[in-house]
Amino acid sequence: MDLFAFFGSLLWPIKWVIEAILVAFHEVLTFFGMDADAGLTWVLSIVGLVLVVRAALIPVFVRQIKSQRRMMEVAPQLKKIQDKYKGKKDQFSREAMSRETMAMYKDAGTNPFSSCLPLLLQMPIFFGLFSVLRNAQLEGNAPGVGLLNAELSESFGTSSLFNIAPLHLAISTADGNTAVIVTAVIMVILMTGSQFITQLQIMSKNQSAEMKASPMYRQQRIMLYLLPLVFAFSGFTFPLGVMFYWLVSNFWTMGQQFLVIRNMPTPGSEAALAREARLAKRNQRKGIIEEAPESDSGTAVIEEPKNVQRDQPVSKNRAKKKQGKKK
């Protein structure tokens, strides 16, 4: 049995949802005048797919942040357990260390794999989109599993970005197509740069001193430099359509992390201190504007408005009479 056909059957529900979202955005874009068969129209439909998926994953992302906060809180306890069994390489010590570590995670309501949850949930989307694109290209005008009918399937499978870079091709299948290779290389560079910036701002600004001293921080540093290899592999293997999904998703993650680090930083981190400084400066500026002047005794002086009576115009005769009375 073909491996792709096997995974395609497993991903049938996901492919149905992917096709429904792609077709919905494609119909909206063509309604506003875009070419139905243009590669740019299908790329923007993929962007719409990213927005829908990432918006749906916001609750998972919030849960991830809370889990990371708990991981930060248990970092000192984790270090104590590791110091307790430091240098002990026998099986009994390793098993005891593993049991105590898992018990600590359970009590804290977290685990070290929670930070990978959004990415793991997106992996079926990657492979589902890959399968939809592959079927649309290989089967010609065969319909998809859902709303992607024969006409749309042919349009999607044969679409090219600016009529020079087919979306179904990758570097490994480009067969010398320079436009595909150059586009894929540019996207790999952008994907690597966005992921590097995202991970770097987390490690440099949103980690407490305890977290930076933990083994998990060292693992994050290793991953920081291994990710470019992952993106290089994906750029060589995955078609351009799937890479567009990954690239836009990376940009979403980068912006999302920036907002979280700025507005909800980890307590004790550099970002938390910067936020406290901004709030203090803002409150001080408001206080200067709203504060009333104080007297020497320290109490605020409230001046009542003075009622100035306006002189009424008088006639010459009345003015002479007044001067006569004064005399």
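Lysine 84 is partly exposed, at 47% relative accessibility, where partly exposed covers the range between buried (under 20% relative accessible area) and exposed (over 50%), with a 1.4 Å probe and protein chains only. The structure is a predicted model, in which local features need pLDDT of at least 70 and side-chain atom pairs count only at pLDDT 80 or more, while totals for chains, interfaces and linings use all residues. Residues are numbered from 1 along each chain as its sequence is written, and side-chain values use heavy atoms, with hydrogens and water left out.

The side chain of lysine 84 forms a salt bridge with that of glutamate 100, with an N to O distance of 3.2 Å. A salt bridge is defined as a side-chain nitrogen of Lys or Arg within 4 Å of a carboxyl oxygen of Asp or Glu, and by this rule the count comes to one. The pair links distant parts of the chain, 16 residues apart: lysine 84 belongs to helix H4 (residues 58-84) and glutamate 100 to helix H5 (residues 91-108). Helices are DSSP runs of H or I with at least four residues, strands are runs of E with at least two, and both are numbered from the N terminus. Glutamate 100 is also partly exposed, with a relative accessible area of 28%. Side chains of opposite charge can pair when their charged atoms come close.

Helix H4 also holds glutamine 64, which is buried at a relative accessible area of 9%. Between the C-alpha atoms of glutamine 64 and threonine 110 the distance is 9.3 Å, although 46 residues separate the two in sequence.

The largest nonpolar core contains 43 residues, and Leu49, Leu129, Phe156 and Tyr245 have the most contacts inside it. Two or more residues are given to this core by each of H2, H3, helix H6 (117-138), helix H7 (150-158), helix H8 (178-205) and helix H11 (240-263). H11 supplies the largest share, eight residues. Such a core is a set of buried Ala, Val, Leu, Ile, Met, Phe, Trp, Tyr and Cys residues joined through side-chain atoms within 4.5 Å. In soluble globular proteins, nonpolar side chains tend to be buried together.

Surface patches were also identified. Patches consist of residues with over 30% relative accessible area and no salt bridge, like charges being joined within 9 Å and nonpolar side chains (Val, Leu, Ile, Met, Phe, Trp, Tyr) within 5 Å. Accessible areas come from the Shrake-Rupley method with a 1.4 Å probe, and for residues only the protein chains shown count as cover. Lys and Arg count as positive and Asp and Glu as negative, with His and the chain ends not counted; the place of a charge is NZ of Lys, CZ of Arg, CG of Asp or CD of Glu.

The positive surface patch is formed by Arg262, Arg275, Lys281, Arg282, Arg285 and Lys286. Its largest share, five residues, comes from helix H12 (residues 270-290). Arginine 275 lies in H12 and is partly exposed at 31% relative accessibility. A patch of negative charge on the surface gathers Asp35, Asp37, Glu151 and Glu154. Of these, aspartate 37 sits in the loop between helix H2 (12-31) and helix H3 (39-56). Trp12, Trp16, Val17 and Leu147 make a nonpolar surface patch of about 400 Å². Tryptophan 16 is located in helix H2 and is partly exposed, with a relative accessible area of 38%.

Most residues other than glycine have a negative phi. Phenylalanine 162 has a positive phi, near 55°, and is placed in the loop between strand E1 (160-161) and strand E2 (165-166). Phenylalanine 162 is exposed, at 58% relative accessibility. The phi of aspartate 175 is likewise positive, near 55°; this residue lies in the loop between E2 and H8 and is exposed, at 78% relative accessibility.

Leucine 167 is found in the loop between E2 and H8, where it is buried, with a relative accessible area of 0%.
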